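Reader: I would like to learn how to read a model like this one, feature by feature. Please show me the chain, then take me through it.

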Amino acid sequence: MKIKVDLHVHTVYSGDSKITLEAAIEAAKRAELDGIAITDHDTVEALSKIEKFKESGILIIPGMEVTSIEGHILAYGIWEPIPPGLSAEEAVEEIRRRGGVAVAAHPLFPFKKSIGEKTLRKLKVDAIETLNASTLPFIYSAEIKKLTKISEELGVPQVGGSDSHTPETIGLAYTVIDVESESIQGVLEAIKAGRVKPEGSRISMHQLLNRLWFNTLRKLGF
């Protein structure tokens, strides 16, 4: 069974997003997704609120985006926060110790606290996010091609996600996942087994400016 899951969504608990859980569910339905992963920055606060959405028809994958010393790592299948400031290797080990799946988030890309090539090549992640909707291909086309090539060389599965901080971008990029069961565990097993394929597009300039404007207002205290 193949399902469409946006594996990179931030909520208001990230601090830099204006997406409520309710808005995330509605946006996922509009985008005709089967599921979303909640990946807030260094917090799992939103996960304590997802129980009431279990009948929504949208599968919610628990997770977070961990800030390691070398860059961001997506952790899927965890319910307790992993502390920031660990090395990338330590963060991956901690994710696995808790039964989760570790994915390199938007590696190589500047301005996004991304893991560099040297670290990526030696880090034993379960997958690499090669399609991130919040990166603009006409600016970072060389990095996109290089990242795809590295993933293929390493034999590491590739996934995609929107990296949404505003509701309208949810589902721009997503991962087609061939699952044996439409469940959290089914998704985790499929990622590790490589039964995944990133699909979708990237953010428009209008959507990017909307996100930047929101972040500017937030920093100014509005």
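**Reading the features**

Author: Start with a loop: Leu108 sits in the one between β6 and α3. Helices and strands here are DSSP runs (H or I, at least four residues, for helices; E, at least two, for strands), numbered from the N terminus. The model is predicted: local features need pLDDT of at least 70, side-chain atom pairs count only at pLDDT 80 or more, and totals for chains, interfaces and linings use all residues. Residues are numbered from 1 along each chain as its sequence is written, and side-chain values use heavy atoms, with hydrogens and water left out.

Reader: What is the phi of Leu108?

Author: Positive, about 80 degrees, although Leu108 is not a glycine. Leu108 counts as buried, at 18% relative accessibility. Buried means under 20% relative accessible area, exposed over 50%, and partly exposed in between (1.4 Å probe, protein chains only).

Reader: Which loop holds Asp42, and is Asp42 buried or partly exposed?

Author: Asp42 lies in the loop between β2 and β3. Asp42 is not a glycine either, yet its phi is positive at about 55 degrees. With a relative accessible area of 26%, Asp42 is partly exposed.

Reader: Now helices. Which residues of α2 are buried?

Author: The general idea comes first. An α-helix has 3.6 residues a turn, so residues three or four places apart point the same way. In α2, the buried residues are Ala88, Ala91, Val92, Glu94 and Ile95. Seen down the axis of α2, these fall within an arc of 165 degrees, so they line one face of the helix. The arc is that of the directions from the helix axis to the C-beta atoms.

Reader: What does the face turned away from the buried side of α2 carry?

Author: The exposed residues Glu89 and Arg97. The buried residues of α2 pack against β4 (63-67), β5 (72-76), β6 (101-104) and α3. Contact means heavy atoms within 4.5 Å. After α2 comes Gly99, with a positive phi near 80 degrees.

Reader: How many salt bridges does the structure hold?

Author: Side chains of opposite charge can pair when their charged atoms come close. A salt bridge is a side-chain nitrogen of Lys or Arg within 4 Å of a carboxyl oxygen of Asp or Glu. The structure holds ten. One joins Glu94 and Arg98 at 2.8 Å, N to O. Glu94 is buried at 17% relative accessibility, while Arg98 is partly exposed at 27%.

Reader: Which residue does Asp126 meet in a salt bridge?

Author: Arg96, at 3.3 Å, N to O. Asp126 lies in the loop between α3 (117-122) and β7 (127-132), and Arg96 in helix α2 (residues 88-97), so the pair ties together parts that are 30 residues apart in sequence. Asp126 is buried at 12% relative accessible area. Arg96 is partly exposed at 36%. Elsewhere, a network of salt bridges links Glu117, Arg121, Lys146 and Glu153.

Reader: On to strands. Which way do the residues of β5 point?

Author: In a regular strand the side chains alternate between the two faces of the sheet. His72, Leu74 and Tyr76 point one way from β5, and Ile73 and Ala75 the other way. Five of the five residues of β5 are buried, so β5 is largely enclosed by the rest of the structure.

Reader: Do β4 and β5 run parallel or antiparallel?

Author: Antiparallel, joined by five bridges. Two strands pair if DSSP finds at least two bridges between them. Thr67 stands opposite His72 in β5. The two strands form a hairpin with four residues between them, and Gly71 in the turn has a positive phi of about 150 degrees. β5 also pairs with β6, in the antiparallel sense over four bridges. There, Leu74 has Val103 of β6 as its bridge partner.

Reader: In what order do the strands of the open sheet come?

Author: The five strands run β3-β2-β1-β9-β10, with mixed pairing. β3 (59-61) and β10 (196-200) stand at the edges, each with a single partner strand, so one side of each is left without a neighbour in the sheet. Strand β2 (residues 35-38) pairs with β3 in the parallel sense over three bridges. Ala37 has Ile61 of β3 as its bridge partner.
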